[in-house]
Amino acid sequence: MLARIKRFLGMEAKPKEDEKVPVEKKVPTEEKKVASEEEVEKVAEEKPKPRIGYIHLSGCTGDVMSLSENYDILAPLLTEMVDIVYGQTLVDRWDIPEMDIALIEGSVCLQDEHSLHELKEVREKAGLVVAFGSCAATGCFTRYSRGGQQAQPAHESFVPVADVVKVDLAIPGCPPSPEIIAKTVVAVINGDMDYLQPMMDLVGYTEACGCDLQLKVVNQALCIACGTCAMSCPTRAVSMTAGRPEVNSDRCVKCGVCYIQCPRSWWPMERIKKDTGL
Amino acid sequence: MVLGTYKEALSARSTDKQIQKIAQDGGIVSALLSFALDEKIIDGAVVAGPGKDMWKPEPQVALTSDELLAAAGTKYTFSPNVWMLKKAVRQYGLEKVGTVAIPCQTMGIRKMQSYPFGVRFVADKIALLLGIYCMENFPFASLQTFISEKMGVSPELVEKMDIGKGKFWIYTADDELSIPLKETHGYEQSGCKVCLDYVAELADLSTGSVGSPDGWSTVLTRTDAGESVFKLAVDAGLIETKPMADVKPGLGLLEKLAKDKKTKNQKTIDERIAMGLPVPYKASTEKEDPLANF
C-alpha cells in the first residue's frame with residue numbers, strides 16, 4: 001500500500017544513500033523554535049499506524065478539504081495507514097484523546113479562552129503538533145483581524161499557533177496542496193527526517209508576507225526572475241515586472257508561500273536528486 | 001560531474017529547414033516541443049514568446065507549432081516562464097505541460113515538485129522539462145545599453161543575438177556587430193552570481209550551443225522522459241545526431257565553461273557567507289564537491 005501511495009505521489013524512493021546529508025535550512029528567521037526531531041522519529045518507530053487528530057481553530061476548513069482532495073489515496077490513507085481519532089467535521093468525539101499527530105488548522109484568537117485552552121490541551125496530548133495551513137503557521141489573512149465586529153467585538157488578536165505552544169512541523173499554504181499534506185503524512189509514518197527537515201525549519205517562519213520577496217530575495221541580490229513566486233501565490237498578488245516580483249499588498253494574505261517556494265530561499269538539492277534520480 | 005547526471009551527450013540539430021532558419025543553434029527545443037505536441041506527449045508548452053517590445057520576451061502558453069516556433073531564438077533577458085505553469089494548468093486546462101527553462105527555472109520547478117507547499121495539482125502535470133545552458137542573464141535595460149548605446153543599433157533592426165567566442169554579437173539584415181564580453185561585465189543580473197548550474201542539471205534533457213559547431217547543439221539526455229522523447233524524435237527523422245567525439249570543440253569546452261562558472265560563483269557564495277549575507281547554498285568548506293549544486 002505504501003508503495004502505491006508513494007508511486008501516486010511521485011515519491012518512489014531511489015535506494016537510500018547511507019550518508020544522511022541534511023537538507024539546507026536557510027529560512028532566515030529571528031525566532032527559530034527548536035523542532036523536535038526525536039518526536040518524529042518516535043512516532044515513526046513506535047506507531048506504524050499513527051493516531052491523527054484534527055483541531056479546528058480560527059481557520060476556514062480549507063486545509064482539511066485540501067487533505068480530502070487526495071482522492072485516489074484518501075480511503076487507504078485514512079483506513080489503512082492512519083487512525084483519525086479526533087476532529088470536528090471528521091469524528092464524533094468531544095473530549096480530546098491522546099494522539100500522535102495533531103493537525104491544527106487556523107490561527108488562535110487570544111481573546112477566545114476556549115481556543116487557547118483547546119490548543120494547550122492538544123499540545124499536552126499530542127506527540128507532534130503540526131501547524132496545518134498558513135493560518136496556523138503564519139497567521140495568514142487573520143493577521144489583518146482587528147476586532148470591532150459583532151457578536152464578539154473584542155475578538156481582535158489572532159496569532160500563529162507557534163506563538164502560544166511549541167510546534168513541531170509547519171505545513172504552510174493557503175491551503176497547503178493535497179500533495180504536500182500526503183507527502184508529509186507519509187514521511188512522518190516513514191520517519192523520513194530528511195524530507196521533513198524543511199517543515200521543521202518553517203516552524204520559525206511565523207511572520208510571513210509577500211514583501212519577503214523584496215526584503216529577503218531582491219534586496220539580498222538573490223532574485224533570478226524565474227517567476228516561481230508569482231506562480232505559487234494563491235491570490236495572484238504577485239506579478240513579475242522587469243523580471244522582479246511585484247507584490248500587490250492589498251491582495252497579499254501573508255500565507256508565506258511565495259517566499260517558501262522561491263528556489264533562492266532554501267534549496268533541497270539532496271531531496272530533488274532522490275526524487276528525479278539526477 | 002560538472003555537467004550533472006546524464007545518460008548520453010550528443011551533437012544534434014533539427015532536420016526541419018524552417019526550424020534551422022529561425023533557431024538559435026540546432027533548433028532542438030523547437031523540434032522537441034513540436035514533436036512532443038504532435039505526438040501528444042504534451043498538450044501545450046510554456047515558452048518565452050515574443051512580447052510587446054522587441055527582444056523582451058513574455059512567457060506564453062503555446063498550443064500550436066506556430067506559436068512554438070514564434071518563440072524560437074535566444075533572448076538574453078528575463079522570461080519568468082515558471083509563472084505561466086499554473087496558468088497553463090488552470091486557465092488552459094492542460095494535463096501534460098512541456099516547458100523550456102534556464103537552470104534556475106528548472107530549480108524552481110523541481111523544488112515545487114518535491115515540496116509543493118501551495119501549488120495544488122501542478123507538479124504532476126509537468127510532462128517535459130527542457131533545460132537550456134545559461135552562463136548569466138541580463139536585465140532588459142542592460143540589453144538596451146549594449147545594442148542601442150554601445151553598438152548604436154535600434155533593437156527593432158536586430159534579427160539575432162548571440163554570445164560566443166568572447167563576444168556579444170548582434171546580427172541585422174546586412175550587418176554583424178559585436179562588443180567584447182568584458183564590456184558587458186557589471187550589467188549582469190546579480191542573482192546569477194551565486195548560481196552553481198550551467199547546463200540545467202535538473203532538466204529532463206538539456207541543450208545549448210557550447211561544444212558543437214555553428215548550427216548544431218550539444219544535447220544531454222538526463223531522465224527517462226527526456227531520453228525517450230529525444231530518441232523518438234531521432235527515430236522519426238526530425239533530429240539528426242553526431243557523436244560528441246566527432247565534433248569540435250566538443251564536450252571538453254562545455255566541461256571547462258561549466259567548471260569556470262561553478263568555481264567563480266562558489267567563490268562569490270563563500271564571500272557572501274563570510275559577510276553574513278543569506279544565500280541558500282553551502283560554503284565550499286562544507287562541501288565534499290565544491291562544484292556541486294547545493
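A salt bridge is taken here as a side-chain nitrogen of Lys or Arg within 4 Å of a carboxyl oxygen of Asp or Glu. The structure is a predicted model, in which local features need pLDDT of at least 70, side-chain atom pairs count only at pLDDT 80 or more, and totals for chains, interfaces and linings use all residues. Residues are numbered from 1 along each chain as its sequence is written, chains are lettered from A and ligands numbered from 1 in the order in which they are written, and side-chain values use heavy atoms, with hydrogens and water left out.

One salt bridge is counted between chain A and chain B. The side chains of B:Arg120 and A:Glu69 form a salt bridge, with an N to O distance of 2.4 Å. Another salt bridge joins the side chains of A:Lys49 and A:Asp83 at 3.7 Å, N to O. This pair links distant parts of the chain, 34 residues apart. A:Lys49 sits in the loop between α2 (37–46) and β1 of chain A, and A:Asp83 belongs to strand β2 (residues 83–87) of chain A. Helices (H or I, at least four residues) and strands (E, at least two) are DSSP runs, numbered from the N terminus.

The interface was then examined. Contact, defined as heavy atoms within 4.5 Å, takes 60 residues from chain A and 49 residues from chain B. The area buried between chain A and chain B is about 4600 Å². Carbon and sulfur atoms give 63% of that area. In chain A, the residues that lose the most area to chain B are A:Met231, A:Trp267 and A:Leu278, together 18% of what that side buries. Buried area is the accessible area (1.4 Å probe) that two parts lose on being put together, summed over both.

Between chain A and chain B, 25 residue pairs are in polar contact, both at pLDDT 80 or more. A polar contact is a pair of N or O atoms within 3.5 Å; within protein, one must be able to donate a hydrogen and the other to accept it, and residues adjacent in sequence count only if both atoms are side-chain atoms. Elements that give two or more residues to the side of chain A that touches chain B include β7 (169–171), α7 (178–190) and α12 (269–276) of chain A. The largest share of this side, six residues, comes from α12(A). The residues of the side of chain A that touches chain B divide into 36 nonpolar, 12 polar and 12 charged. Ala, Val, Leu, Ile, Met, Phe, Trp, Tyr, Cys and Pro count as nonpolar, Asp, Glu, Lys and Arg as charged, and the others, Gly among them, as polar.

Helix packing was described by axes, which are lines fitted to C-alpha atoms, for helices over the stretch in contact; angles run from 0 to 180 degrees between N-to-C directions. The axes of α12(A) and helix α5 (residues 103–114) of chain B come within 10 Å and cross at roughly 80 degrees. That makes α12(A) roughly perpendicular (65 to 115 degrees) to α5(B). A:Arg271, A:Ile272, A:Asp275 and A:Thr276 of α12(A) make the contact with B:Arg110, B:Lys111 and B:Ser114 of α5(B). By class, this contact has one nonpolar, two polar and four charged residues.

Within chain B, helix α2 (residues 28–38) packs against helix α7 (residues 224–235) at an angle of about 90 degrees, with axes 10 Å apart. α2(B) and α7(B) are therefore roughly perpendicular to each other. B:Leu32, B:Phe35 and B:Ala36 in α2(B) meet B:Val229, B:Phe230, B:Leu232 and B:Ala233 in α7(B). The contact of α2(B) with α7(B) has seven nonpolar, no polar and no charged residues.

Technical notes: Parallel < 35°, antiparallel > 145°, perpendicular 65-115°, else oblique.
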